[in-house]
Every structure is written in structure tokens, then in C-alpha cells.
Amino acid sequence: MTGQFEGKVALVTAAADGIGAATAQAFAQNGARVILADINVELGEQRAEALRAAGHEAHFIRTDATSEDDVEALIRHTVERFGGLHLAANVVGDAHPGSAGPEFHQQSLEAFEHTIKMCLSTTFLCLKHQIAHMIDNGGGAIANVTSLAGMLYNGWGGSAYGAGKAGVIRMTKFAAVSYAEHGIRVNCIAPGVTPTRAYYKSGPEHAKTLIDQQVINQPIRRAIETSEQADGIIWLCSDHAAMVTGHVLPIDGGWMAQY
Ligand SMILES: NC(=O)c1ccc[n+]([C@@H]2O[C@H](COP(=O)([O-])OP(=O)(O)OC[C@H]3O[C@@H](n4cnc5c(N)ncnc54)[C@H](O)[C@@H]3O)[C@@H](O)[C@H]2O)c1
């Protein structure tokens, strides 16, 4: 699939690490010029530099995806720097520690709202400003990132994360229908167990226990690589998926197939 995005500009949020970093690399390896957006300046700059060292065109822009000013500026700078925006992966999403776990009657509104902001508001802001550009410039393809927690009960993730990620699915489908006639496709991936820094927050022992516990739910019983999540985003944004929009693609080793 090398070179399929030649002449295209791709934007990736949460691009400094995890699934976002793998997605930025995959867009670049497929010929796109890539804008990496993240709040982590040091790691984001490193990722962009590594892509340039490998011969790709890549640029990092510090962006807090919960800030409308930042997201609006990100799209403006992307277009100014690379002359357009054709492809986007909206990867930012996380749960506040205070909104995790099954017992949400003990959780604060502050933790709930933080998680909704991270999962849903970031997706709204990115879609809003990406679509505002694409609608007047020949369309584009966008991939959001939801979670299995948006489709089934996940006690560990908590109600706010599940509600936020369910919202990402609904928003994906809404945008897909609303903008299909403008040549804009909007889809999302739903990752299964994909060990990233998010898993290692409480140390390697805890991460191993968590991964082992969760992988049991996947008929294909191994953890998923970030590059395997990126492969799904690349396909959804490619012309191979020209008739695919409003779709949720679980990349989950068969977890969802059991329901
Ligand atoms: N890893 C999994 O198993 C898994 C499973 C289901 C869903 N997801 C979803 O996939 C997405 C990526 O997860 P990951 O595990 O790769 O995460 P990660 O923790 O590896 O990376 C997250 C990145 O987001 C950046 N970030 C955090 N807040 C930001 C903000 N406000 N603005 C811009 N960037 C910000 C961080 O600096 C970091 O670089 C998330 O939406 C997550 O909910 C992941």
C-alpha cells in the first residue's frame, strides 16, 4: 500500500505516543505529509523528528485537544504549512482515575466531566474544525477512536468512559450521514487490548495483570499491537474504503463477535 496517500495531508491527534504515534508513522509510510498533534511537546517533537529522519514530511504542533482555540489553530496551521487537510485520525481519549470502576454512585461530577471532555468533547472539536475545512475543499476521510467500552459493559473503565466512547460512535455516525454528500467519510475503530503507556500508569506488575485479565475476553488470545490499530485507521481513510462511512471497526481479536 506504499504511496497510496501521496499528495495528501494527514493530521493525527495524540500522536506523541501509543496508537496515535503508530498511526502517524503509518500515514507517513503510506506517503502522506503528516501533522502530529499532542500536549506532550518533547515526545511529539521526537516522533516528528524520527519520521523526518526516515525521509518523511512530518511536523509537530503542540495541541490540547480539549481547547477549541488550540484545535482551531491546529487546523489553520496545518493548512498554512502543508496547503490542505485530507485525512485525520482523532485519537485523543482517556478516563480520569476518579471515574474508573463500577461504582459510579461514589464518583464526582468533576471526574465524570473530565472523562467526557477527553473522550467526547475532543472528538467534537476535531470533527467540527476538520469538517469546516474539508467541506469547502473537496472532502476527506476521518477516523475517530472509540472503545469496546462504548458498546458493552466495562466495569474497569467506568460509566463516564463508556458513555463518552458511546458518544464517539453516535457522533461518528451522525457526521458520516450529515457530510456524505460533501465527500467526507467518517468512521471509527474500536480497539481491544492494546498495551500502551495508559496500561503502565500503575507500574509493570499491574499492567501485566490487567493485560492478562483482559486478553482472556479475546478469542484471539494475545495483546494487540498499536500498528495493528493504525492499520485499521489507514484502511478506513484509504480509497479501498471509499464506500465505507459511519462504520465502527472493532480491532479486538474477536471480543465483540461474542455479543
Ligand atoms: N490502548 C488500548 O487498549 C485502547 C483500548 C480502547 C480504546 N483506546 C483509545 O485509543 C486512544 C489512544 O489510546 P492509547 O492507549 O494509545 O493512549 P496513550 O496513553 O498511549 O497516548 C495518549 C496520548 O494522548 C496525548 N494526550 C493526552 N491528553 C491530550 C490532550 N488533551 N490533547 C492532545 N493530546 C493529548 C498524550 O500526551 C499521549 O501522547 C484513546 O482514545 C483510548 O481511549 C485505547
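Reader: How do the residues of the shell around the ligand divide into nonpolar, polar and charged?

Author: The classes come first: Ala, Val, Leu, Ile, Met, Phe, Trp, Tyr, Cys and Pro count as nonpolar, Asp, Glu, Lys and Arg as charged, and the others, Gly among them, as polar. Here the shell holds 11 nonpolar, 10 polar and 5 charged residues. Keep in mind that this is a predicted model, where local features need pLDDT of at least 70, side-chain atom pairs count only at pLDDT 80 or more, and totals for chains, interfaces and linings use all residues. Residues are numbered from 1 along each chain as its sequence is written.

Reader: Which residues are the closest to the ligand?

Author: A residue is near a molecule if its C-beta atom, placed from the backbone, lies within 6 Å of it. Of the 26 residues surrounding the ligand, the closest are Ala14, Asp17, Gly18, Gly93 and Thr196. Helix H1 (residues 18–29) gives the most to this shell, with 3 residues; helices (H or I, at least four residues) and strands (E, at least two) are DSSP runs, numbered from the N terminus.

Reader: Happy with that! What is the order of the strands in the open sheet?

Author: Strands of a sheet pair through backbone hydrogen bonds, either parallel or antiparallel. Two strands count as paired if DSSP finds at least two bridges between them. In this model, 7 strands with parallel pairing follow the order E3-E2-E1-E4-E5-E6-E7. Strand E3 (58–62) and strand E7 (248–251) stand at the edges with a single partner strand each, so one side of each lacks a neighbour in the sheet.

Reader: How many bridges join E2 to E3?

Author: Strand E2 (residues 33–38) runs parallel to E3, joined by 5 bridges, and Leu36 stands opposite Phe60 in E3.
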